[in-house]
Amino acid sequence: MVQNSHSSGLERDVVELIPALRAFASRFYRSETDIEDLVQETLAKSLANIDKFEPGTRLKSWMFTIMRNTFCTRFGVSKREHVGFDDCVADRSSVAATQEWSVRGHELERAVMRLPVHYRTAIQYIFIDGISYESAAARCDCALGTMKSRVSRARQHLARELGEELR
């Protein structure tokens, strides 16, 4: 492939977009490894096809499209792939470790008990009893939006208390 100054200028612009690509990839994956893999694959595809980029269009949009398509292709393939065996002995632990879940469960229980009554009731109705927001609002004699706000605020309060981050 013969490189001209236009092509090397584009390659430089591609490299400058790496932070934006990482940020965009984090919308698809949580794992840093997966994010880096997606960015690397996007860069490889972009540089391999740099001659197909149309001058006058936005390079960032072109590369984001390549990334999105790469993710969609990976996602589709991963749904069809079946790696390993259905029942592999190595996948089973000899004793199920329940201690951490038990401790976290007790922490959650204590945090729920510290919630103001109206938040605790909202959490109870929606997440434990599994009733609809409409039914919960009717039981509490409040507006639907109020019930949704109570659940949202209760979740935020619990997340803060348990040192978690809501997504």
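Mentor: Let us begin with Lys45, remembering that this is a predicted model: Lys45 has a relative accessibility of 33%, and because partly exposed covers values between under 20% for buried and over 50% for exposed, Lys45 counts as partly exposed.

Trainee: What makes the contact of Lys45 with Glu41 a salt bridge?

Mentor: The closest N and O atoms of Lys45 and Glu41 are 3.6 Å apart, and the cut-off asks for a side-chain nitrogen of Lys or Arg within 4 Å of a carboxyl oxygen of Asp or Glu, so the pair counts as a salt bridge. Both residues belong to helix α3, where, being four residues apart, they are separated by about one helical turn.

Trainee: How do you know that Glu41 and Arg74 tie together parts that are apart in sequence?

Mentor: Their side chains meet in a salt bridge at 2.9 Å, N to O. Glu41 lies in helix α3 and Arg74 in helix α4, so this pair ties together parts that are 33 residues apart in sequence.

Trainee: Why is Asp51 called exposed?

Mentor: Asp51, which lies in the loop between α3 and α4, has a relative accessibility of 57%, and because exposed means over 50%, Asp51 counts as exposed.

Trainee: What makes Arg114 and Glu161 a salt bridge?

Mentor: Their closest N and O atoms are 2.5 Å apart, and the limit is within 4 Å, so the pair qualifies. Arg114 lies in helix α5 and Glu161 in helix α8, so the pair ties together parts 47 residues apart in sequence.

Technical notes:
Residues numbered from 1 in each chain as written. Predicted model: local features only at pLDDT ≥ 70, side-chain atom pairs only at ≥ 80, totals over all residues. Heavy atoms only, no water. Helix = DSSP H or I, 4+ residues; strand = E, 2+ residues; numbered from the N terminus. Buried < 20%, exposed > 50% of the residue type's maximum accessible area, 1.4 Å probe, protein only.
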